[in-house]
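Subject: Structure for you to look through

Hello,

Please find the structure below.

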Amino acid sequence: MNTQTLDRLTGDEPNRVEAIVKAAGAIAPGLALAVVIAAIATGVQRFSNIPGLSPLVVAMVLGMLWRNTLGAIPAVAPGITFSLKKLLRGAIILLGLQLTLAQLGEVGLRGFAIVATTLLGTFLFTKAMGRVLGVERKLTELIAAGTSVCGASAVIATNTVTRGSDEDVAYAIACVTVFGSLSMLLFPVVGNGLHLSSESYGLWSGAAIHEVAQAVAAAFQGGEIAGQTGTVAKLSRVILLAPLILAIGLFISRDGEGSTGRAPTPWFVFGFLAMVLLNSVVTLPGTLHDWLITLTGFLLTVALAAMGLETDIRKLRAKGMRPLMLGAAAWIFISATALSLTLLIF
C-alpha cells in the first residue's frame, strides 16, 4: 500500500466517525420519544388487566395524541423514520424466535388446512371487496393482511412492501383492533351456543381472531385444551406472514404498482424464516429466549409509537367510512369461513 493510499484511508476515518456521531445525534430525539411512549404503553397494558389489550395499539394511540396535539416536530423526524424502518424490520426478524416448525405439526394437517384456506380466502375476498367498495389498493391490502394473518403486526410488516401512508396503516390497525376485540367478546358466547368441542372452539378462535393476544384470550375462555389449540393455530397463521409478504412484493413488482414501479425485496422476511428454523433446531436458554421475546414486543411497540407520531387524524377522517365497512366485511368473512370449515372437517 503506498503512502497516498494510506493517507486517504486514515484521513477518511475521522470523517466516518463524525458522520456516525452526527447521524446518531439526529436519530436520538425521535427514538427517545418513541421509546418513552412505548414504555408508557407497556406499563398501561401490564397494569390495566384488560384481556387482549395490545401495547402496540396503546402506543399508536399515545403517539397520535402527541402528534395531533403538539403538531409535527422536525427535530424528532429522523428518529421516527429510524424506528419505522430499521427497528421494525429487526423486530419482525426476532419475531421468528417465537415460532417453530413443530408447531405446524401440532395443529395437524386438517387444522393447518383450515388455517391456510381461511387466511388465503380472507385475503382474496378482502382485496375483491375493496375494489367493490372503492377503497384504495394500499389500504385494502393492509386491512386484508391484518385481518387474515395477525392484526397490527401483519399490517406494519406488510406495509414494508405495500408502502401505504401512515394514515393507511393507522386506519388498518384501527379496523383489526375494533373487530378483533369484538371477536374476543363474541366468540366464547357463540362457541357455547353451538356446543363446540374444546378443540374445535380453540381452532376456530386461532384461525379467525385478528391479534395474537385477542385470539389467545378468547381461546382460553374455552378451557385449557381450547387455549392451547387456539394458540398453536394462531401461531401457524403468523408463520404464513412470511410467504404472504413475499407474494405481495412479487405481484407489486410484476404489475408495476409500487411508487417506483417496483416493490423493494423484503429481505427481512428471510431473516424471519431463518429465526424460525433456528428456533426449531436449537433450544435457546430459557432466560435468553424470554428476554428476546420481551425485546421483540417492545421493539414492535416502539415502531407503533413512531407510526402514531406521524399520523395526522385529519387525513384519517378524510378516508371516510368505506374502509371501516371493508374491515367489517372481512371480519364477518373470516369468522364465518373458519367456523364453517371447522364444523365441516371436525
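**What was found**

Aspartate 168 has a relative accessibility of 4%, so it counts as buried (buried means under 20% relative accessible area, exposed over 50%, and partly exposed in between, with a 1.4 Å probe and protein chains only). This is a predicted model, in which local features need pLDDT of at least 70 and side-chain atom pairs count only at pLDDT 80 or more, while totals for chains, interfaces and linings use all residues. Residues are numbered from 1 along each chain as its sequence is written, and side-chain values use heavy atoms, with hydrogens and water left out.

**Salt bridges**

The count comes to 4 salt bridges (a side-chain nitrogen of Lys or Arg within 4 Å of a carboxyl oxygen of Asp or Glu). One of them joins lysine 319 to aspartate 168, at 2.8 Å from N to O. That pair links distant parts of the chain, 151 residues apart: lysine 319 is in the loop between α14 (313-318) and α15, and aspartate 168 is in helix α7. Helices here are DSSP runs (H or I, at least four residues), as strands are (E, at least two), numbered from the N terminus. Lysine 319 is partly exposed, because its relative accessible area is 26%.

Glutamate 141 has two partners. Its salt bridge with lysine 127 has the closest N and O atoms 2.8 Å apart, and lysine 127 lies in helix α4 (residues 101-133), 14 residues from glutamate 141 in helix α5. Its salt bridge with arginine 137 has a closest N to O distance of 3.0 Å; arginine 137 and glutamate 141 both lie in α5, 4 residues apart, about one turn of the helix. Lysine 127 and glutamate 141 are both buried.

Helix α5 (residues 137-150) has 14 residues, which should span 20 Å at 1.5 Å a residue, and its end C-alpha atoms are 19 Å apart, which agrees. The expected span is 1.5 Å times one less than the number of residues. In α5, 13 of the 14 residues are buried.

Where do the buried residues of α12 fall, seen down its axis? In α12, Phe268, Val269, Gly271, Phe272, Val276 and Asn279 are buried. They fall within an arc of 160°, so they line one face of the helix (the arc is that of the directions from the helix axis to the C-beta atoms). On the other side of α12, Trp267 and Val281 are exposed.

**Aromatic pairs**

There are 4 aromatic pairs in the structure. Rings of Phe, Tyr and Trp (its six-membered ring) pair if their centres lie within 6.5 Å; planes under 30 degrees apart count as stacked, over 60 as edge-to-face and the rest as tilted. Phenylalanine 179 and tryptophan 331 have ring centres 5.4 Å apart and planes at 25°, so this pair is stacked. Phenylalanine 179 lies in α7 and tryptophan 331 in α15 (residues 322-345), so the pair ties together parts 152 residues apart in sequence. Both phenylalanine 179 and tryptophan 331 are buried.

Tyrosine 201 and tryptophan 204 form an edge-to-face pair, 6.4 Å centre to centre with 70° between the planes. Both tyrosine 201 and tryptophan 204 are buried. Phe187, Tyr201 and Trp204 form one aromatic cluster.

Regards
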